[in-house]
Amino acid sequence: MKTFDYLLAVREQKGAGFLLLLDPDKLAEEDLSLVVSHAQEAGVDAFLVGSSLMTRDNFENTLQEIKRTAKIPVIIFPGSLFQISGQADAILFLSVLASRNIDLIVGNHIHAAPLIRQHELETIPTAYLLVESGKMTSAHFMSDSFPIPREKPEIAAAYSLAAEMFGMKMVYLEAGSGALSSVPKEMVHKVAGSVKVPVTVGGGIRNPEVAHELASSGASFVVTGNFFEENGNSGMLKEFARAIHFKKTEGVIV
Ligand code: 1GP
């Protein structure tokens, strides 16, 4: 099954999917197999792998380690052109639609496309929309994007509609890793009600109640990263999974 079809099946069966971001710049390679097995047992549906800024040359090794243990899809969430690898199952083919840097809207993609094809990597064309979140995050800074004002869901919805009209398959509403405030549920509701493509929401989600609220407001996928990088929080993975999987049904997705 293609990764995107798997994601849609997860959404259909569970209400929403739980994606765990693994940042190769922050995680020690020797810890990865434990992190991965613990996360999948707890109910994580897929892994995102990527970083706004990589300061270590360990992207390939990190992916290899994750793939060694992962039974669920491993999806590249690229922070730059250096984050392309044939070891993953798919890549979010991101366009930072509100960026002021043309290369991040469409530019780097020209360099990436032949390599992605060579690796036979599945692409998930995704509109990546930065949302104001209380402070400048690495994602905001690195992507040269004016964040969409929190109280302007109609702007996020208009961007999302344009993305859908361009044929993109996903909208990613991003508060930025470590954001003070996550994307407002009103904005998620407005965007999810405006487009048919799945809406992924991430950044600053630090408790299961917020994760649940975002999923029940229409987010198809909820992403967390930072919170589970902190020691002692991995015990909460199950609670997050339960909160995000608001539709309780049995069955296995293959
Ligand atoms: C990054 O939204 C994700 O795209 C994760 O954010 O690290 O704040 O959970 P956090």
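1. The second largest cavity has about 30 Å³ of space. This is a predicted model. The lining of the second largest cavity consists of Leu-7, Leu-19, Leu-48, Ile-75, Leu-92, Met-170, Tyr-172 and Thr-200. By class, seven of these residues are nonpolar and one is polar. No charged residue is part of the lining.

2. How many cavities of 30 Å³ or more does a search of the whole structure find? The search finds two. The largest cavity holds about 130 Å³ of space. Its lining has 17 residues. Closest to the centre are Ser-177, Gly-203, Gly-204, Gly-225 and Asn-226.

3. Which elements each supply at least two residues of the lining of the largest cavity? Look at strand 6 (170–174), strand 8 (221–224) and helix 10 (226–229). The lining of the largest cavity divides into six nonpolar, nine polar and two charged residues. For the second largest cavity, the classes are seven nonpolar, one polar and no charged.

4. Next, the salt bridges. A search of the whole structure finds seven. One of them joins Arg-68 to Glu-65, with the closest N and O atoms 2.7 Å apart. Both residues belong to helix 3 (residues 59–69). They are three residues apart, so about one helical turn separates them. Is Arg-68 buried or exposed? Arg-68 is exposed, at a relative accessible area of 60%. Glu-65 has 19% relative accessibility, so Glu-65 counts as buried, the cut-off being under 20%.

5. Another salt bridge pairs Glu-186 with Lys-185. The closest N and O atoms of this pair are 3.6 Å apart. Glu-186 is partly exposed, at 48% relative accessibility. Lys-185 is partly exposed as well, at 34%.

6. Which residues do salt bridges that share partners join into one network? They are Asp-23, Lys-26 and Glu-229. Within this group, Lys-26 forms a salt bridge with Asp-23. Their closest N and O atoms are 3.8 Å apart. Lys-26 is partly exposed, with a relative accessible area of 48%. Asp-23 counts as buried, at 7% relative accessibility.

7. Now the backbone. Most residues other than glycine have a negative phi. Glu-120 has a positive phi, near 50°. Where does Glu-120 lie? Glu-120 sits in the loop between helix 5 (108–118) and strand 5 (122–130). Its relative accessible area is 72%, so Glu-120 is exposed, the cut-off being over 50%.

8. Asp-144 also deserves a look. Its phi is positive, about 50°, although Asp-144 is not a glycine. Asp-144 lies in a loop too, between helix 6 (138–143) and helix 7 (153–165). Relative accessibility is 40% for Asp-144, which means that this residue counts as partly exposed.

How values were computed:
Residues numbered from 1 in each chain as written. Predicted model: local features only at pLDDT ≥ 70, side-chain atom pairs only at ≥ 80, totals over all residues. Heavy atoms only, no water. Helix = DSSP H or I, 4+ residues; strand = E, 2+ residues; numbered from the N terminus. Buried < 20%, exposed > 50% of the residue type's maximum accessible area, 1.4 Å probe, protein only. 1 Å grid on protein atoms, 1.4 Å probe; cavity = no way out; pocket = protein on both sides within 12 Å on 5 of 7 lines; lining within 4 Å. Points joined across faces, edges and corners; volume = space filled by probe spheres on them. Nonpolar A, V, L, I, M, F, W, Y, C, P; charged D, E, K, R; others polar. Salt bridge = Lys/Arg side-chain N within 4 Å of Asp/Glu carboxyl O.
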